[in-house]
Amino acid sequence: MAVLTDEDGSPSQPVFAVLPIVEVHVEDTWHTSGLRGTGSNTIVVEDVVVPAHRLIAMDALGDQARSGTGPLYRLPFQSVGECTLIGPMLGVGAAALSFVVESAAAKTIAHIGPGGTQRDSVAVQTQIADAALRLQTARLHALSVAETVTAQVDAPPDPAAVARVHAQNCLAMHEILTAVNILVDVHGSGGLADSSPLRRMAGDVAIGARHAAFNAAVGKEQFGKALLG
């Protein structure tokens, strides 16, 4: 992405610039505890001229500019972008739940008597149910968002619906994060060992849920403002 400037150097409009990979340099800056596979490194472009036909103005993604395209391309840009991030996190949450549930049958637990396993503990049962319900809540919000976004393809822009969708996406991500944190607590510190798949799941969700698009407080603020006018 880039920002065009006017003749006096002031910012004009944001654009997407399409460049051959040989014209850019990828700096190895993505060192995180999760989502390492995204390869979200820093892209550096220096002294490169991008012809006008390889620039896509952000305005081209607006509702009116998309009117003559197929339904897939008329979906609201921001809402769809958030959905593409929610989907993988739902999958990670489901995988974490399955891992902890399967492990509970053989994993011992302290303070409930000799030979007791996590599966036998009422406390663990309650936590597992809590995590599963939170993941289901996130899934239901995601499905609701998908339904709303699809219905907006040819409808007039609805600021209240956009705000609600954003708030729902934020809440869904928060529920996924909370559910996975509960599952890590249930499984115990062994789940954070380098050899445990749960460590990677927890790291991926911890990073994904903190994407700038999913600040739950901001999402609620925007939705509240839309509701109150």
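A residue is called buried when its relative accessible area is under 20%, exposed when over 50%, and partly exposed in between, using a 1.4 Å probe and protein chains only. By that rule Glu 175, at 10% relative accessibility, counts as buried. The structure is a predicted model, in which local features need pLDDT of at least 70 and side-chain atom pairs count only at pLDDT 80 or more, while totals for chains, interfaces and linings use all residues. Residues are numbered from 1 along each chain as its sequence is written, and side-chain values use heavy atoms, with hydrogens and water left out.

Helices (H or I, at least four residues) and strands (E, at least two) are DSSP runs, numbered from the N terminus. H2 covers residues 122-151, and its 30 residues should span 44 Å at 1.5 Å a residue; the expected span is 1.5 Å times one less than the number of residues. At the start of the helix, a side-chain oxygen of Ser 121 comes within 3.3 Å of the backbone nitrogen of Ala 123.

The buried residues of H2 include Val 124, Ile 128, Ala 131, Leu 135 and Ala 138. Further along, Ala 142, Val 145, Thr 148 and Val 149 are also among them. An α-helix has 3.6 residues a turn, so residues three or four places apart point the same way. Helix H1 (77-104) and helix H3 (159-187) are included in what covers the buried residues of H2, where contact means heavy atoms within 4.5 Å.

A salt bridge is a side-chain nitrogen of Lys or Arg within 4 Å of a carboxyl oxygen of Asp or Glu, and the whole structure holds five of them. One joins Arg 134 to Asp 130, with N to O at 3.0 Å. These two residues are separated by about one helical turn because they are four residues apart in H2. Arg 134 is partly exposed, with a relative accessible area of 24%, and Asp 130 is partly exposed at 31%.

Arg 134 forms a salt bridge with Glu 175 as well, the closest N and O atoms being 3.2 Å apart. This pair links distant parts of the chain, since Arg 134 is in helix H2 and Glu 175 in helix H3, 41 residues apart. Elsewhere, Asp 194 forms a salt bridge with Arg 199, with the closest N and O atoms 3.8 Å apart. Asp 194 is exposed at 71% relative accessibility, whereas Arg 199 is partly exposed at 25%.

The cysteines come next. A disulfide is a covalent bond between the sulfur atoms of two cysteines, taken here as a pair of cysteine sulfur atoms within 2.5 Å. The count is zero. For Cys 83, the closest cysteine sulfur is that of Cys 170, 12 Å away and therefore too far for a bond. Cys 83 is partly exposed, with a relative accessible area of 27%, and Cys 170 is buried at 1%.

Two loops remain. Most residues other than glycine have a negative phi. Leu 35, in the loop between strand E3 (25-27) and strand E4 (42-44), has a positive phi of about 55° although it is not a glycine. Asp 47, in the loop between E4 and strand E5 (55-57), also has a positive phi, of about 50°. At 84% relative accessibility, Asp 47 counts as exposed.

Technical notes. Polar contact = N/O pair within 3.5 Å; in protein donor to acceptor, adjacent residues only side chain to side chain.
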